[in-house]
Amino acid sequence: MLRSLVGSEMCIRDRDATVVIEAKVRAASKEVPSAKGSAVCDPSASFWSTGTNSKEWIVLELEAACLLTQLRLVNKSVNEWEISVSLTNKAESYQRVRPRCDAPRKEVLIPVSHVPCRFVKVYCARGSPIALHHVEATGIPVQGLSKEILPLAYHLMPQLLAGCTSSLTMLRCAAEHLQPLASLLENELSPNGVEEAVLFLRLLVSCLLYTSP
């Protein structure tokens with residue numbers, strides 16, 4: 001009965017869920033007055049530069065948390081870099097999507113496998129000098145995505161990768177409205193109990209959608 005109430009097996013495909021996500025510079029280790037960090041998020045600006053040759057970084061904060069699918073970087077004169085992403089901007093939470101390597105002096109597209117992301121960090125090990133034109137993030141926005149919701153996101157990943165709109169709607173609604181409940185269900189969102197917990201969340205999300213004005 002529960003499965004029939006929430007219609008969990010029906011997937012409507014939506015290929016427009018992935019979008020370019022606006023960003024701002026959260027912090028930069030250094031910048032020169034004529035080439036500020038904000039330039040990497042501003043298509044009308046030229047570039048960010050530190051005026052130095054080693055060990056600088058810049059952190060971007062995305063407008064919304066997302067499941068990151070691609071990073072686009074336009075390099076000016078960085079010679080070696082490392083690129084990491086995080087949902088929380090805590091040092092220990094960052095995970096590398098591009099290990100430390102030589103940085104081509106051109107536009108670089110880095111595919112990312114739907115990694116939960118709110119912050120992007122570009123660490124520039126060497127440059128002549130360190131300077132970067134632009135950074136652009138593409139992904140599936142999920143406003144309110146947090147570590148409590150991640151087990152649900154990972155469980156729904158096969159449907160999300162297939163472009164299933166109903167699963168994406170459920171994830172977005174859970175992230176926005178069900179944070180306290182998701183925390184309570186965190187132990188249930190395990191390999192042994194995930195199916196029933198997800199069905200319960202689907203029912204709650206359906207109720208929210210049908211009762212929203």
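Visitor: Where does Pro-129 lie?
Guide: Pro-129 lies in the loop between β7 and β8. Please keep in mind that this is a predicted model.

Visitor: And what kind of peptide bond joins Ser-128 and Pro-129?
Guide: The bond joining Ser-128 and Pro-129 is cis, with omega at about -10°. For background, most peptide bonds are trans.

Visitor: Let us turn to phi. What is phi of Lys-55 near?
Guide: Phi of Lys-55 is near 55°, which is positive although the residue is not glycine. In general, most residues other than glycine have a negative phi.

Visitor: Which strand holds Lys-55, and is the residue buried or exposed?
Guide: Lys-55 belongs to strand β4. Its relative accessibility is 62%, so Lys-55 counts as exposed.

Visitor: What about the phi of Asn-89?
Guide: Asn-89 is not a glycine, yet its phi is positive, at about 65°. Asn-89 sits in the loop between β5 and β6. With a relative accessibility of 28%, Asn-89 counts as partly exposed.

Visitor: New topic: how many salt bridges does the count come to?
Guide: The count comes to nine salt bridges. As a general point, side chains of opposite charge can pair when their charged atoms come close.

Visitor: With which residue does Glu-56 form a salt bridge?
Guide: The partner of Glu-56 is Lys-30, and the closest N and O atoms are 3.9 Å apart.

Visitor: Is Glu-56 buried or exposed?
Guide: Glu-56 is buried, because its relative accessible area is 7% and the cut-off for buried is under 20%. Lys-30, at 38% relative accessibility, counts as partly exposed.

Visitor: Which residue meets Glu-31 in a salt bridge?
Guide: The side chain of Glu-31 meets that of Lys-36, at 3.7 Å from N to O. Glu-31 has a relative accessible area of 37% and is partly exposed. Lys-36 also counts as partly exposed, at 42% relative accessibility.

Visitor: And which residue meets Arg-100 in a salt bridge?
Guide: The side chain of Arg-100 meets that of Glu-80, with 2.9 Å from N to O. This pair links distant parts of the chain, as Arg-100 is in strand β6 (residues 95–102) and Glu-80 in strand β5 (residues 78–86), 20 residues apart. Arg-100 counts as partly exposed at 48% relative accessibility, whereas Glu-80 counts as buried at 14%.

Visitor: Which residues do salt bridges that share partners join into one network?
Guide: The network is made up of Glu-80, Arg-100, Asp-102 and Arg-126.

Visitor: How far apart in space are Trp-81 and Asp-102?
Guide: The C-alpha atoms of Trp-81 and Asp-102 are 6.5 Å apart, and the two residues are 21 residues apart in sequence. Trp-81 lies in strand β5. At 0% relative accessibility, Trp-81 counts as buried.

Visitor: Now His-114, please. Which strand is it found in?
Guide: His-114 is found in strand β7 (residues 107–127). With a relative accessible area of 16%, His-114 is buried.

Visitor: Which residues does His-114 touch?
Guide: Leaving out residues up to four places away in sequence, His-114 touches Leu-67, Leu-68, Thr-69, Ile-140, Met-157 and Leu-161.

Visitor: How much space lies in the second largest pocket?
Guide: The second largest pocket holds about 210 Å³ of space. It is lined by 16 residues, and those closest to its centre are Val-40, Cys-41, Pro-43, Val-135 and Glu-136. β1 (19–21), β4 (54–75) and β8 (131–141) are the elements that give two or more residues to this lining.

Visitor: Which element gives the largest share of that lining?
Guide: The largest share comes from β8, which gives four residues. By class, the lining of the second largest pocket has eleven nonpolar, four charged residues and one polar residue.

Visitor: Last topic: how many residues has helix α3?
Guide: Helix α3 (residues 165–177) has 13 residues. From its first C-alpha to its last, α3 reaches 18 Å, close to the 18 Å expected at 1.5 Å a residue.

Visitor: Which residues in α3 are buried?
Guide: In α3 the buried residues are Ser-167, Leu-168, Met-170, Leu-171, Cys-173, Ala-174 and Ala-175. In general, an α-helix has 3.6 residues a turn, so residues three or four places apart point the same way.

Definitions and conventions:
Residues numbered from 1 in each chain as written. Predicted model: local features only at pLDDT ≥ 70, side-chain atom pairs only at ≥ 80, totals over all residues. Heavy atoms only, no water. Expected span 1.5 Å × (residues − 1). Buried < 20%, exposed > 50% of the residue type's maximum accessible area, 1.4 Å probe, protein only. Contact = heavy atoms within 4.5 Å. 1 Å grid on protein atoms, 1.4 Å probe; cavity = no way out; pocket = protein on both sides within 12 Å on 5 of 7 lines; lining within 4 Å. Points joined across faces, edges and corners; volume = space filled by probe spheres on them. Nonpolar A, V, L, I, M, F, W, Y, C, P; charged D, E, K, R; others polar. Salt bridge = Lys/Arg side-chain N within 4 Å of Asp/Glu carboxyl O.
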